[in-house]
Amino acid sequence: MDELVALGAAGVTAALLARGGRLIALPTIPAFMVAGILLGPSVADVLSDPQALGLVADIGLIVLLFHLGLEFPAEQVMRAGGSVVKGAIAYIGLNLVAGLALGFALGWGTTEALVIAGAVAISSSAIVTKLLVELNRLTNAETPVILGIIVVEDIFLAAYLALLGPLLGESTTLLGAAVHFALSFTFIGGLLVIARYGGRAVGRVLETDDEELVAVLALGLAILAAGIAEDLGISEAIGALVIGLVVSGTSLRERAEEAIRPIRDAFAAIFFVVFGAGIALDTLGEVVAPVAVAVALSIAMCTLGGVVVARLNGLNQASAANAALVLLGRGEFSLILATLAVGAGLDSRIAPFVALYVLVLALVGPILAARSQLVSALLPNRLVGGGYRYVGQETIVDGCPHVEVMPATPRSDGCEDCRRLGDDWVELRVCLECGYVGCCDDSKNRHATRHHEETGHPAIATLEPDEAWRYCYVDRVLVTGRGEVEAVPEAQ
C-alpha cells in the first residue's frame, strides 16, 4: 500500500510542478526532478525508499529509449548535407572533449570521466524541440541545422552507450571487458541488420489491426530486448533503443509511436522523479563548484560550436547564438548515463553532479535562448564570416514573400541624399520596389530605412559586391542568397 501511495504522490506532484513550470515556459524534466527531491528522504520522505519504485522507473527508461529509436530519422541522416554533419561533429566534439577534460580534472576515475563527458556532450532533444516551437523559430534558417545536429547526436548516443556498456558492467579484467565489447556489438549489430534488411518480415510477424495489441506488442518488445541486453551485460537502454530502430523499419512504426507515447510520458516522468528522489540534498554541496565549472564550460563550448556551425552553413551571428543556446539544454541522456553509473557502483558524486548540472541548464538554457541577441551582439563578425558585418543581429529565414520579387534597377551608384548633405555612408542598400539607393542603418543618416518609413516599400537588398541578402522591414527578417541586383549605373 505504501508503494502505491508513493507512486500516486509521485505522479500527482510531478504533474502539478510541471504545469506550474509551463506557465513560465520551463521544460518538464527539471520539474519532475524537483518533485523527486521534494518527495525523497531529504525533504518529505514520501519516497523513503526510491528503489521500491525501481521497476517502474526502469520501464520509464526503457520506454523513453524505445520511443527515441522509433523516432530515429534515418532518412534525414542520409539526406543531411555535409556542412550540417560537419557542424554536428564539431559541436559534439567540442563538448565531449571539454567534458572529458573536466572529468579527468575532477579526479573521480577514468570511467567516471567518460560518463561525465557523455553527460555534458549531448543536448536534450525534448528541450530543443520545445524551445524551437515556443520561441517561434521553426522557420529560421538555423533550425534545420539544429535538427540535423540532434539527428547526429542520436547516432552518437547509440554508439556511446554501446561503448560504455561494458565499462559499466561487471567486467574487471581486460579479457572480460573484451568479451563484453564483443557481445555488445554482436547483439547491437544483429539488431541493426534486422532493422536494415528485415523490416518487412518483422512487420508481418507483428502486424495486427487491434490498436490495443500494438501497444502491448511495442511495450513487450522494448522490455524483452532491454532484459536480454541486461542479461548479456549490456545496458538495457541500448537494447531498448536498438529494438526501437527495428520496429521503426516496419509498417507498425507510426501506430507504435502513437500507442507508446502516453506510456512513455507517464513512465518517463516516474523515472525522473525516482532519480530526483535518490539525490540527497546534503550531497549537493560538494558538487556545486564542479557543476558551476561544468555549466560555464558548456555555455562556452556551445557558443563556440554555434560559431563553427554558422561558418560552415553561411549563417550570421544571430543564427550562431540561436543555435548555441537552443542546444544548451541537457536532459534525458545525461540522467540515463548517471543512472547507469550509479547502478555500476561508480563514484557516488556522479548522480548529484549530473542532477544539479541538468537542473541548472534546464532552467538557465531556455532563459538564455530567449535572450540570444545579447550573446550574438558579443560575437565579432570575423568569427562568423559570411558577409554579415552590419546585419549580424538580424534573424535569417528561408524565405519571405516581400523579398521574392524581381529587384528594381538601382537609380544611382551612391546615396544621393547623403551627397546633397555632404555626408559619407558606410554601406548601400537598394529598394526592391523602386530602385532608390540609400545608406544603411550604420550610416549617419539611415536613408534606406527612412525611405521605407516614408513610402512603405517593404524590402531592400544589399549593394555590397561581396554580400548577397535581402531584408524585409515588415517581417524584420533577413533572407540570404538573394542579394543579386542589376549593375549600379555609373555616376554621371
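Residues are numbered from 1 along each chain as its sequence is written, and side-chain values use heavy atoms, with hydrogens and water left out. In this predicted model local features need pLDDT of at least 70, side-chain atom pairs count only at pLDDT 80 or more, and totals for chains, interfaces and linings use all residues.

**Exercise 1. Describe the nonpolar cores.**

Step 1. A nonpolar core is a set of buried Ala, Val, Leu, Ile, Met, Phe, Trp, Tyr and Cys residues joined through side-chain atoms within 4.5 Å. Buried means under 20% relative accessible area, exposed over 50%, and partly exposed in between (1.4 Å probe, protein chains only).

Step 2. Take the largest core. It has 133 residues. Leu65, Phe66, Leu161, Phe272, Leu335 and Phe353 have the most contacts inside it.

Step 3. Find the main contributor. Helix H13 (residues 253–277) supplies the largest share of this core, 13 residues. Helices (H or I, at least four residues) and strands (E, at least two) are DSSP runs, numbered from the N terminus.

Step 4. Look for another core. A second, separate one has 16 residues, including Cys418, Val430, Leu463 and Cys472.

Step 5. List the neighbours of Leu335. Leaving out residues up to four places away in sequence, Leu335 touches Ile29, Met33, Phe271, Phe272, Phe275, Val354, Ala355 and Val358. Contact here means heavy atoms within 4.5 Å.

**Exercise 2. Trace the aromatic cluster that contains Phe353.**

Step 1. Rings of Phe, Tyr and Trp (its six-membered ring) pair if their centres lie within 6.5 Å. Planes under 30 degrees apart count as stacked, over 60 as edge-to-face and the rest as tilted.

Step 2. Search the whole structure. Five aromatic pairs turn up.

Step 3. Classify Trp108 and Phe353. Their ring centres are 5.8 Å apart and their planes stand at 90°, so this pair is edge-to-face. The pair links distant parts of the chain, 245 residues apart. Trp108 sits in the loop between helix H5 (82–106) and helix H6 (110–121), and Phe353 in helix H18 (residues 350–370).

Step 4. Classify Phe353 and Tyr357. This pair is stacked, with 6.2 Å centre to centre and 0° between the planes. Both residues lie in helix H18, four residues apart, about one turn of the helix.

Step 5. Check burial. Trp108 is buried at 9% relative accessibility. Phe353 is buried at 0%, and Tyr357 is buried at 0%.

Step 6. Join the pairs. Trp108, Phe353 and Tyr357 form a cluster through their ring pairs.

**Exercise 3. Work out the layout of the six-stranded sheet.**

Step 1. Read the order. The sheet is open, runs E1-E6-E5-E4-E2-E3 and has mixed pairing. Two strands pair if DSSP finds at least two bridges between them.

Step 2. Strand E1 (396–397) and E3 are the edge strands, each pairing on one side only.

Step 3. Strand E2 (residues 428–431) pairs with E3 in the antiparallel sense over three bridges. Arg429 stands opposite Gly438 in E3.

Step 4. Follow E4 into E5. Strand E4 (residues 459–462) and E5 run antiparallel, joined by three bridges. A hairpin of six residues connects E4 to E5. Ala461 has Arg470 in E5 as its bridge partner.

Step 5. Follow E5 into E6. These two run antiparallel over four bridges. Arg470 stands opposite Val479 in E6.

Step 6. Inspect the faces of E5. Both are covered. Trp469 and Tyr471 are buried on one side, Arg470 and Cys472 on the other.
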